[in-house]
Amino acid sequence: MQTVENILAYFQHHQTQYGYLDNLGGLNGVSRYWSFIDWTEQWNSTTGVPTAVKSGPVTLESLLYLYGLQAAIKIVQHLGFNQLAEEYAKQALELKHAIRKYCLSNSGMIQDGPGLEQYSQHAQVFGVLTGVLTESEGKTNLLQTIKYRKKYAQCSVAMSFYLFAALKKVGLYAESNQYWDIWRRMLANNCTTSVEAEAGERSECHAWGALALYELPTTILGVAPASPGYRTMTIKPTPGYLTWASGHVQTPVGLVKVDWKLVNDHIELNYEIPEQIELEE
């Protein structure tokens, strides 16, 4: 917990008088710290950093800090540190208001930098995941980035996990089909492992490329723990663009078997779970 507190304190120390974060770093090999976000085509010239960094603060760093605070709240609540949870909740609420006040354009899109007319899919994704955007706003913004892909920096290998989570949250998971093309191209290029980025890809087994290891069992099959150690669990498939799925998921207490199919927009679900696990509806 001390490490978690120290990291969050570092970010808090870099908050401006407006509530959002000041510059934390910059380009790789140029600045003391590298503000890397994603190896997406539009940011290759700035070493994976939003081009907004050339003008000042990067909104995504504020969004990531907010995302971290929200995760920390759950952790400290679980540990019983209620006062610290309240402090983090207060900081998170103030930061959320600051992002909406200074980094939201008249069109409702989150800007890559406060007051800058630069936009990315990434900022909308984390706007959804942190609750800075409402579900309706997030759906509208994500659809905009999907429809006009050349206009907005697109989530690539490093950020697809978060993109898929945001699509699921706003009811657009069917759109994930086209973003799996990144992995289909890996197969077409005879890659034996998940690549780091599509620019100069090679078989290097990069962890953030292993999206399928999470997405297939947890989202497609819908198997997830509802309490630590799988004492309780849920099975809530997200069909997206699929009409059926079947598979096994290994848990700490045994194998979970799931198969489902879509019939008239209704999921017909069959499953087998270990006796030690209680299934929550």
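Two strands are taken to pair if DSSP finds at least two bridges between them. Strands (E, at least two residues) and helices (H or I, at least four residues) are themselves DSSP runs, numbered from the N terminus. The model described here is predicted, so that local features need pLDDT of at least 70 and side-chain atom pairs count only at pLDDT 80 or more, while totals for chains, interfaces and linings use all residues. Residues are numbered from 1 along each chain as its sequence is written, and side-chain values use heavy atoms, with hydrogens and water left out.

Strands of a sheet pair through backbone hydrogen bonds, either parallel or antiparallel. In this model, 3 strands form an open sheet in the order 3-4-5, with antiparallel pairing. Strand 3 (244-251) and strand 5 (266-272) are the edge strands, each pairing on one side only. On average, neighbouring strands of the sheet are turned by 15° against each other, direction ignored.

Strand 3 and strand 4 (residues 254-263) are paired in the antiparallel sense over 8 bridges. Within this pairing, A245 stands opposite W260 in strand 4, and G247 has V258 of strand 4 as its bridge partner. A hairpin through 2 residues joins strand 3 to strand 4. The antiparallel pairing of strand 4 and strand 5 runs over 7 bridges. Here W260 has L269 in strand 5 as its bridge partner. Strand 4 and strand 5 also form a hairpin, with 2 residues between them, and N264 in the turn has a positive phi of about 55°.

Helix packing was described with axes, which are lines fitted to C-alpha atoms, for helices over the stretch in contact; angles run from 0 to 180 degrees between N-to-C directions. The axes of helix 2 (residues 59-79) and helix 4 (residues 121-130) come within 10 Å and cross at roughly 25°. Helix 2 is therefore roughly parallel to helix 4 (angles under 35 degrees count as roughly parallel, over 145 as roughly antiparallel, 65 to 115 as roughly perpendicular and the rest as oblique). The crossing of these two helices is left-handed, meaning that the near helix is turned anticlockwise from the far one by less than a right angle. Contact is defined as heavy atoms within 4.5 Å. L60, L63, L64, L66, Y67 and Q70 in helix 2 meet H122, A123, F126, G127, L129 and T130 in helix 4. This contact has 8 nonpolar, 4 polar and no charged residues (Ala, Val, Leu, Ile, Met, Phe, Trp, Tyr, Cys and Pro count as nonpolar, Asp, Glu, Lys and Arg as charged, and the others, Gly among them, as polar).

Helix 4 also meets helix 6 (residues 160-169); their axes come within 9 Å and cross at roughly 55°. Helix 4 is therefore oblique to helix 6, and this crossing too is left-handed. Q121, V125, F126, V128 and L129 in helix 4 meet Y162, L163, A165, A166 and K169 in helix 6. By class, the contact has 8 nonpolar, 1 polar and 1 charged residues.

The structure holds 17 aromatic pairs (rings of Phe, Tyr and Trp, the last by its six-membered ring, pair if their centres lie within 6.5 Å; planes under 30 degrees apart count as stacked, over 60 as edge-to-face and the rest as tilted). One of these is the edge-to-face pair of Y20 and Y102, at 5.7 Å centre to centre and 70° between the planes. Y20 lies in the loop between helix 1 (2-13) and helix 2, and Y102 in helix 3 (residues 82-103), so the pair ties together parts that are 82 residues apart in sequence.
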